[in-house]
Amino acid sequence: MTASRTTAPATSTRAQPTTARPDPPRAGALVVAAPQPGSYALIIGIEKYRDVPAATGARGDAERFAEMARTTLGVPEENVRLLLDDRASKTDIAKQLRWLQSNVPAGGRIYVYFSGHGAPDPTSGASYIVPYDGDPQYLGESAMKMTEVLGDLEKTKAKDVLAIADSCFSGAGGRSVLAPGTRPLVRVEPVKTTARVVLLSASTGAEISGPSADGKGGLFSKYLIDAIGSGQADLNGDGQISLKELEDWIKPRVKREAKRANRDQTPSVQVGKKLGAPADFIVSWGYAK
């Protein structure tokens, strides 16, 4: 991405920052930032699965992210697709990826958010997201390989994509699953992103993506929504949040709280080669200064 730090990364449909709000937001409230009429969002939250244990809090995470997408990220209501629980089968997700390919205009922005289980292929180490009807014993037939999902996003006309995953692929618990009695025979391979896609993940490597301290949702999602939805990640006060600021705000908080629960969790960011540096990728803009 070639946008500068002071220019919102959108097309000719970009809106100017909203006017200043007279009062600061109350704790937990979502602030209204700049509209993004050329943006689209696909949001998936699967808590209750057909054949595997629940991913506690995943549905609530997705509902909260969808609220933030409309309010703070400025995604038009008609451009938001929210898939929850049994409405997030493999077919449902594939259909909405095709919808993005057909509808996002040239130069648009896509936000994709997934909250639910991931799974590693025990033999190859490839990472999969597990849809509502996914079965870890038959990943190739019932789940979706992360690299293929990112490839589908790369096929859209969007100028850039921010893909966010609150799941993990270690098979070690938390928001990851394995077929009963199996363990990966090889190291789980890190997911590599594509040229126009930023991938923001809740954890790295063999780590577990765990819950927040109150147990109501994912630890990563809690801080992600706090960072963007309240504007707290605008570290330099310029009215916008870059990917670098978002990472710098979220990572230490997630790591610190995970340590209190006696585990390691380190959010990670990968930036596609056509998008420039993390400081140049603007996630959200139009915050009151």
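Visitor: Which residue of S8 stands opposite Ala-165?
Guide: Ser-201 does. Please note that the model is a predicted one.

Visitor: How do S7 and S8 run, and how many bridges join them?
Guide: They run parallel and are joined by 5 bridges.

Visitor: What about S3?
Guide: Strand S3, residues 109-115, pairs with S7 in the parallel sense over 7 bridges. Ala-165 of S7 is the bridge partner of Phe-114.

Visitor: Is S7 buried or exposed?
Guide: Strand S7 (residues 160-166) is mostly covered, with 7 of its 7 residues buried. In a regular strand, side chains alternate between the two faces of the sheet. Here Asp-160, Leu-162, Ile-164 and Asp-166 lie on one side, Val-161, Ala-163 and Ala-165 lie on the other, and all are buried.

Visitor: Turning to the open sheet, what is the strand order?
Guide: The order is S4-S5-S6, with antiparallel pairing. Strands S4 (118-120) and S6 (144-145) each have a single partner strand, so one side of each is left without a neighbour in the sheet. S4 and S5 (residues 127-129) pair over 3 bridges, and Tyr-128 in S5 is the bridge partner of Ala-119.

Visitor: And H6: why does its length agree with expectation?
Guide: At 1.5 Å a residue, the 18 residues of helix H6 (residues 243-260) should span 26 Å, and the end C-alpha atoms are 26 Å apart, so the two agree.

Visitor: Which elements do its buried residues pack against?
Guide: The buried residues of H6, including Trp-249 and Ile-250, pack against strands S8, S9, S10 and S11 and helix H5. Just after H6, Asn-262 takes a positive phi of about 65°.

Note on methods:
Residues numbered from 1 in each chain as written. Predicted model: local features only at pLDDT ≥ 70, side-chain atom pairs only at ≥ 80, totals over all residues. Heavy atoms only, no water. Pairing = 2+ DSSP bridges. Helix = DSSP H or I, 4+ residues; strand = E, 2+ residues; numbered from the N terminus. Expected span 1.5 Å × (residues − 1). Buried < 20%, exposed > 50% of the residue type's maximum accessible area, 1.4 Å probe, protein only. Contact = heavy atoms within 4.5 Å.
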